[in-house]
Amino acid sequence: MADGNGWSVKLSGVPETLLWNLFMRAYEARQPRPVLEDPKAVELVDRIDYPFEETFGAPSPLRAQGQALRVRTFDDAVRAFLREHPDGTIVTLAEGLETQYWRVDNGRARWLCVELPETAEVRRALLPDEERRRTLAQSALDLSWRDEVDPARGVLITAQGLLMYLRPAEVKELIAGCAERFRGGALVFDAVPRWFSARTMRGQMRTAHGYRTPPMPWGMNAGELDKVRTAHPAINEVRELPPPRGRGLYYGALTPLLRRLPAVRNVRPTMTAIARFD
């Protein structure tokens with residue numbers, strides 16, 4: 001709700017991570033040569049009454065750029081979809097305060113955001129629904145959201161920062177549900193490697209200010225990506241989506257190299273992939 005200082009947001013657990021994601025994107029967007037132009041994220045951070053730095057610590061330039069490059073990977077996938085299906089539907093599962101619509105929308109597509117009720121309330125307050133973009137308040141695991149989607153003009157589903165917080169059986173059920181209903185469509189998702197998942201489950205991922213990353217039960221190494229195809233017979237392709245090059249030595253030269261070397265590619269904290277359905 002709004003107060004004298006801005007819009008107050010109170011979330012905890014996994015839903016609170018949407019504020020960390022927003023904080024990182026806005027920090028990167030304020031840089032002189034940002035890898036992600038995101039004025040809407042900057043606007044939201046300035047509007048929201050929330051102790052961002054006190055909770056998450058001062059932004060790490062390296063981590064913020066990495067987050068922004070991951071987001072750009074999703075943006076590029078949506079843009080590619082819209083070039084082929086300009087009147088299609090983008091379903092965003094648990095995107096929180098992601099502002100992708102304002103970065104990539106083509107003025108014709110339909111957008112459906114599926115959010116838990118508590119985060120749907122925050123999103124609707126700060127990013128009110130429009131004619132072509134609306135928020136549905138329910139869990140992504142409640143597959144009845146599929147009934148809200150017209151697949152006639154193409155469907156792309158995104159799950160950014162979601163699957164790692166689910167149990168492995170839930171991940172498989174969700175991917176299978178998408179593949180079963182949306183033949184000819186695709187799912188873009190990200191995953192953390194198994195070492196990263198294990199550290200969160202032991203409570204070892206903390207910021208200097210004491211903020212603890214919520215447990216991530218589902219982890220998947222890069223070499224296991226093809227196992228996603230076993231979720232449903234309609235999945236005919238699964239491949240990693242390379243992030244764009246960023247600034248500096250790490251994101252400009254080292255990260256692209258890490259992705260190509262099997263012995264070290266699981267060192268990366270996340271990867272983004274696309275699964276296509278027959």
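## Cysteines

A search of the whole structure, which is a predicted model, finds 0 disulfides. A disulfide is a covalent bond between the sulfur atoms of two cysteines. Here the pair must have sulfur atoms within 2.5 Å, and the sulfur of Cys113 lies 14 Å from the closest cysteine sulfur, in Cys178, so the distance is too far for a bond. For the sulfur of Cys178, the closest cysteine sulfur is in turn that of Cys113.

Both residues are enclosed by the protein: Cys113 is buried, with a relative accessible area of 3%, and Cys178 is buried at 0%.

## The largest nonpolar core

The largest nonpolar core has 37 residues, of which Leu93, Trp145, Ile157, Leu163, Leu174 and Phe189 touch the most other members. Two or more residues each come from β4 (89–93), β5 (110–115), β7 (155–159), α7 (168–181), β8 (186–191), β9 (235–240) and β10 (271–277). The most, 5 residues, come from α7.

Beyond its neighbours within four places in sequence, Leu163 is in contact with Val171, Leu174, Ile175, Phe189, Asp190 and Trp218. Apart from this core lies another, of 24 residues, including Val9, Ile48, Val122 and Leu126.

## Helix α7

Helix α7 comprises 14 residues and reaches 20 Å from its first C-alpha to its last, close to the 20 Å expected at 1.5 Å a residue. Its buried residues are Glu170, Val171, Leu174, Ile175, Ala176, Gly177, Cys178 and Ala179. These buried residues pack against β4, β7, β8, β9 and β10.

How values were computed
Residues are numbered from 1 along each chain as its sequence is written. This is a predicted model: local features need pLDDT of at least 70, side-chain atom pairs count only at pLDDT 80 or more; totals for chains, interfaces and linings use all residues. Side-chain values use heavy atoms; hydrogens and water are left out. A nonpolar core is a set of buried Ala, Val, Leu, Ile, Met, Phe, Trp, Tyr and Cys residues joined through side-chain atoms within 4.5 Å. Buried means under 20% relative accessible area, exposed over 50%, partly exposed in between (1.4 Å probe, protein chains only). Helices (H or I, at least four residues) and strands (E, at least two) are DSSP runs, numbered from the N terminus. Contact means heavy atoms within 4.5 Å. The expected span of a helix is 1.5 Å times one less than its number of residues.
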